[in-house]
Amino acid sequence: MTAGRPECEWAICVDAQTSNLSEVRRFVEQVAAETALDLERVFDLKLAVSEACANAVEHAGDDNPALEVSARLCPPRLTFVVTDNGLFRPPSLGRAAQNRGLGLPLMLTLMDEVNFVRLPGGGTEVSLSVLLDTKRARVD
Amino acid sequence: MVAQGEIDHDSCGALEETIESALAQGHQTLLLDLTEVAYIDSGGLSVLFSTGRRLRDTGWLGLVGPNPSVLRLLELVGVLVDGAFRVFPDLAAARSALSEGDGSP
């Protein structure tokens with residue numbers, strides 16, 4: 001992780017429901033507007049953060065616990081952190097067969113850094129970072 | 001079929017139902033207009049892949065007018081090299097492919 005104090009920090013908190021994913025993406029857009037990221041990198045961030053949230057929603061069950069999404073600008077990184085209090089399940093195990101396995105590969109492909117942390121006491125924290133001066137991932 | 005807005009984990013069920021109903025009518029080649037789709041995530045991609053799998057031996061799913069970001073995502077996940085899909089820049093190109101009777105993957 002990057003040492004040092006972030007230049008800026010933002011956060012929102014929503015109920016863990018798929019209907020709130022679009023609100024999370026609007027939040028990502030608003031944060032990204034504070035940087036010089038190009039449209040494709042903003043799309044990548046929206047997708048990766050939204051996938052991390054969708055993953056958390058899937059674990060949340062029916063009681064819609066809170067989902068926190070925070071962002072910090074700490075040049076050269078812009079980092080989003082998705083924190084939920086659900087049970088962590090490795091996204092790749094057993095679910096690829098259910099056709100749900102694209103979320104994690106997309107996060108890993110589109111982001112410059114991805115970090116999963118199982119929190120003491122339950123919950124999962126997913127950090128997704130882009131470097132502000134690099135280009136997007138491409139298939140060549 | 002025309003999709004609009006954002007196809008995500010919340011809205012992909014509606015797309016799935018629309019496609020399901022087209023398949024139930026016996027269509028083997030489907031066109032999905034993505035011109036007005038700003039965003040698609042793994043939920044939407046899963047619906048596309050599941051449709052592609054079902055059409056693979058008999059027809060294809062045509063994806064029309066994806067914006068540059070959506071097109072790049074389709075490329076990343078392998079849609080562009082998958083014979084079950086065809087990607088067209090606009091409806092005219094898609095209809096032209098259909099009228100040629102080019103239904104083979």
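User: What radius of gyration does chain B have, and how does that fit a compact globule?
Analyst: This is a predicted model, and the values are computed from it. With 105 residues, a compact globule would have a radius of gyration near 13 Å. The C-alpha trace of chain B spans about 35 × 30 × 20 Å along its principal axes. Its radius of gyration agrees with the globule value: 12 Å.

User: In what order do the elements of chain B run?
Analyst: Chain B has four helices and four strands. Read them from the N terminus on. The order is β-α-β-α-β-α-β-α.

User: What share of the contacts in chain B joins residues at least 24 apart?
Analyst: Take contacts between residues at least 6 apart in sequence. Of these, the share that joins residues at least 24 apart is 79%.
As for burial, buried residues make up 37% of the 105 residues in chain B.

User: Which residues of H1(B) are buried, and why do they lie on the same side?
Analyst: Helix H1 of chain B covers residues 12-24 and reaches 18 Å from its first C-alpha to its last, close to the 18 Å expected. In an α-helix, residues three or four places apart point the same way, because there are 3.6 residues a turn. The buried residues in H1(B) are B:Cys12, B:Leu15 and B:Ile19. They cover an arc of only 55° around the axis, so they sit on the same side of H1(B).

User: Which residues are exposed on the other side of H1(B)?
Analyst: The buried residues of H1(B) have cover that includes strand E1 (2-7), strand E2 (29-40) and helix H2 (42-55) of chain B. Now turn to the other side. The exposed residues there are B:Gly13, B:Ala14, B:Glu17, B:Ser21 and B:Ala24.

User: Which residue just after H1(B) takes a positive phi?
Analyst: Look just past the end of the helix. The phi there is about 90°, and the residue is B:Gly26.

User: Which element gives the most to the side of chain A that touches chain B?
Analyst: In all, 19 residues of chain A are in contact with 17 residues of chain B. Helix H1 (21-32), H2 and helix H3 (103-110) of chain A are the elements that give two or more residues to this side. With eight residues, the one that gives the most is H2(A).

User: How many of the residues in H2(A) are buried?
Analyst: H2(A) runs over residues 39-60 and reaches 31 Å, close to the 32 Å expected. H2(A) is mostly covered. Of its 22 residues, the number buried is 16.

Note on methods. Residues are numbered from 1 along each chain as its sequence is written. Chains are lettered from A and ligands numbered from 1 in the order in which they are written. This is a predicted model: local features need pLDDT of at least 70, side-chain atom pairs count only at pLDDT 80 or more; totals for chains, interfaces and linings use all residues. The expected span of a helix is 1.5 Å times one less than its number of residues. A residue is buried if 20 or more other C-beta atoms lie within 10 Å of its own, exposed if 12 or fewer, and partly exposed in between; C-beta atoms are placed from the backbone. Two residues are in contact if their C-beta atoms, placed from the backbone, lie within 7 Å. The arc is that of the directions from the helix axis to the C-beta atoms. The radius of gyration is taken over C-alpha atoms; the globule rule is 2.2 Å times the number of residues to the power 0.38.
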